[in-house]
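Please look over the sequence and the model below before reading on.

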Amino acid sequence: MTILIFKLQNVPDDEAADVRELLAANDIYFYETHAGFWRLGVDGLWLPDDTNLERARELIKTYQAERATSQRKAYEELVEQGQAPTLWQNFLQSPLRFVLLFIAVFFVLTLTLAPFGFMPKF
C-alpha cells in the first residue's frame, strides 16, 4: 500500500528539492504526484510500500529540524541588520491585500459575535 511521506503543498521549491535529494541519496525509492489542474489531487512524495517508512520519516524529521534552525538564524540575522520586513513595509508592498484581509477579519468577527448581541454600532 502506498504511503504519503511528504506533502508538497505550500512547500518552498528549495525545500522540496532538498527532500527529494535526501531520499534519493539514501536509496529510498519514492514517486511524486501533482494535484492537477483543478487541484483535486495531492501534491506529495509517496513510498510504494512501508519497507523504508521509518528510515524516511527519520531522515525528513532530522532535515526539517536542521532547516528550521537555519531559517530561524537567517531571520534573526535579517532582524539584526534591519532588513526584516515590518508590518508597515508589508502594508506598503501590498495595501489592497492588507485592507481586504482587515475587512475579512471584521466581517467574520461580526458574523461570529452578532448572535450574542455584540453587534458593533455605527
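## Threonine 110

This is a predicted model. Threonine 110 sits in helix H4, which covers residues 95–113. Its relative accessible area is 16%. The cut-off for buried is under 20%, so threonine 110 counts as buried.

One of its polar atoms lies 2.8 Å from the backbone oxygen of phenylalanine 106.

## Overall fold

The protein has four helices and three strands. Along the sequence they follow the pattern β-α-β-β-α-α-α. Strand S1 spans 3–7. Helix H1 takes residues 13–25. Strand S2 covers 31–33, and strand S3 covers 44–47.

How does the radius of gyration of the protein stand against that of a compact globule of 122 residues? The protein has 21 Å, whereas such a globule would have a value near 14 Å. The C-alpha trace spans about 65 × 40 × 30 Å along its principal axes.

## Burial, contacts and surface

Of the 122 residues, 20% are buried. Take the contacts with a sequence separation of 6 or more: 59% of them join residues 24 or more positions apart.

The protein carries 11 positive and 16 negative side chains. The centres of these two sets lie 10 Å apart.

Aspartate 43 lies in the loop between strands S2 and S3. Is aspartate 43 buried or exposed? Its relative accessibility is 12%, and buried means under 20%, so aspartate 43 is buried.

Which side chain makes a polar contact with the side chain of aspartate 43? That of arginine 39 does, at 2.5 Å. The side chain of aspartate 43 also places a polar atom 2.6 Å from the backbone nitrogen of alanine 35.

Outside the four places on either side in sequence, alanine 35 touches Leu40, Gly41, Val42 and Asp43. The C-alpha atoms of alanine 35 and leucine 8 are 9.7 Å apart, across 27 residues of sequence.

Arginine 39 is found in the loop between S2 and S3 as well. Its relative accessible area is 49%. Exposed means over 50%, so arginine 39 falls in the partly exposed class. Arginine 39 has a positive phi of about 60°, although it is not a glycine.

Alanine 24 belongs to helix H1. At 47% relative accessibility, alanine 24 is partly exposed, because that class lies between 20% and 50%. Alanine 24 and leucine 8 are 16 residues apart in sequence. Their C-alpha atoms are 16 Å apart in space.

Key. Residues are numbered from 1 along each chain as its sequence is written. This is a predicted model: local features need pLDDT of at least 70, side-chain atom pairs count only at pLDDT 80 or more; totals for chains, interfaces and linings use all residues. Side-chain values use heavy atoms; hydrogens and water are left out. Helices (H or I, at least four residues) and strands (E, at least two) are DSSP runs, numbered from the N terminus. Buried means under 20% relative accessible area, exposed over 50%, partly exposed in between (1.4 Å probe, protein chains only). A polar contact is a pair of N or O atoms within 3.5 Å; within protein, one must be able to donate a hydrogen and the other to accept it, and residues adjacent in sequence count only if both atoms are side-chain atoms. The radius of gyration is taken over C-alpha atoms; the globule rule is 2.2 Å times the number of residues to the power 0.38. Contact means heavy atoms within 4.5 Å. Lys and Arg count as positive and Asp and Glu as negative; His and the chain ends are not counted. The place of a charge is taken as NZ of Lys, CZ of Arg, CG of Asp or CD of Glu.
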